[in-house]
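Biologist: I am new to this structure. Please take me through a few of its features, with the general idea ahead of each case.

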Amino acid sequence: MTTTPEAVAAAERCTPEFRRDPHAFYAHLRTAAPVCPMRPPHGNETYLITRYDDARAALSDPRLSKDMYGAMDAYRRIFGDSSVALDDNMLNSDAPKHTRLRRMVNSAFTPRRVEALRPRIEEIVQSLLDACPAREPVDLLPAFAFPLPIIVICDLLGVPPEDRARMQHLSTTVAQTGFGAEAKRAQQQAEEDLHAYFTHLITAKRERPGDDLLSALIAVRDHDDALTENELVSTAFLLMFAGHKTTAYLIGNAVHHLLSHPAQLRALRENPELTRAAVEELVRYDGSVESATFRYATEDVEYSGTLIPKGALVQIAISSANRDPQKFDSPDELDVMRPGNAQDAHLGFGHGSHYCLGAPLARLETQLALTRLFDRFPRMALADPAAGPRWLEVPFPAFRGLAELPVVLDPAE
Ligand code: HEM
């Protein structure tokens, strides 16, 4: 593999400097090395795609596989051994297995089914806001942005309220570990705990089914033999994992950027009908999924004149594609009135067959969170605007989110 300055830089996506401002760095890569060979710590030959057109094409390119069993050596080097038990789900498979696994849960996430959750989501939003201290600094991530999607997804799956905190803790450990031996051990332990937890929960629900998604999936598994037991556990894990961090970080990023762009916030508050479009713009501008999950080339493929050899891993930088000036005018500006910011213009929820299953739910949660928060606390402000945001410095750049979001909801006049 060549070692260009860009390759070195791409390998440094984990450094604190990069984490603070990935957008400037991606802008450089889009011009200098749009398909950039990387040297990630796991050692697999990897290419980073940063342009919008390439990213969109790559997300639905059948030559770029997501079947983890086809790239098992690489997969184990990145994620370790134990994760396989939890990862036997739609996100790590190609058609026809992907189609079968996705079909099982698809109906729970249609816009119509999700819309029926609106009153319950409203209720959760209001009760979380009721519990927030208004006159003193509060970190909005643990107080509001995280509990909302955790409660929603736990309710949907049928995870009892007393287990929510544990779910959040274990998923955080799974997501935030690095490549060192200790980090890997902690990750594997969390995965084993999650596997054991869902296995027990499934046994309990087999005996006493509830009115929840997990009970419905168990019925499908047991009556139609359409899912293996491992696929069932892995699907429950995927929904739990994908269903809360992503949304929590998006709510955090959105609140931070709106408070930092008062004219945009004012436009939104004066025109609540902009909320839908504003959420799309916020996903484009600084969405919570920075990179799509791994793909690998099943044959030689070429993007922007660069050959990606068969067997290489491919990372698609969604955050970069969403700021590509070839696609979006003035991409580094947040503009809640951006013309034509339709749901499918940005790639914040992916594209193609793996397009985010939970997008309707994430959209509704974020829309309600922002509307109710700014309605209720119109004078809300960052607790220390001069301090600047503290972004997550995870060693594995898949999420784009804040480490904390201190605000004062109702500052004194
Ligand atoms: C703001 C919140 C969210 C964002 C930004 C987001 C983003 C994404 C992206 C980019 C992908 C595609 C990954 C790839 O192709 O490699 C994806 C897939 C997925 N998301 Fe989301 N997501 C969000 C919320 C949710 C929620 C709330 C759920 C579930 C309740 C969910 C469930 C899934 C699932 C199951 C997949 C895999 C789909 C497949 O493989 O067919 N996501 N998401």
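Biologist: Is Arg 284 buried or exposed?

Modeller: This is a predicted model, in which local features need pLDDT of at least 70 and side-chain atom pairs count only at pLDDT 80 or more, while totals for chains, interfaces and linings use all residues. Residues are numbered from 1 along each chain as its sequence is written, and side-chain values use heavy atoms, with hydrogens and water left out. Buried means under 20% relative accessible area, exposed over 50%, and partly exposed in between (1.4 Å probe, protein chains only). Arg 284 has a relative accessible area of 1%, so Arg 284 is buried.

Biologist: Which residue forms a salt bridge with Arg 284?

Modeller: Side chains of opposite charge can pair when their charged atoms come close. A salt bridge is a side-chain nitrogen of Lys or Arg within 4 Å of a carboxyl oxygen of Asp or Glu. The partner of Arg 284 is Glu 281, with the closest N and O atoms 2.9 Å apart. Glu 281 is buried too, at 0% relative accessibility.

Biologist: Where does the loop with Cys 356 lie?

Modeller: Helices (H or I, at least four residues) and strands (E, at least two) are DSSP runs, numbered from the N terminus. The loop holding Cys 356 runs between α18 (318-321) and α19 (359-376).

Biologist: What is the donor from the protein to the iron atom of the ligand?

Modeller: Donors are N, O and S atoms within 2.8 Å of the metal (3.2 Å for Na, K and Ca); water is not among the atoms, so sites may look incomplete. The single protein donor to the iron is Cys 356 (SG), 2.3 Å away.
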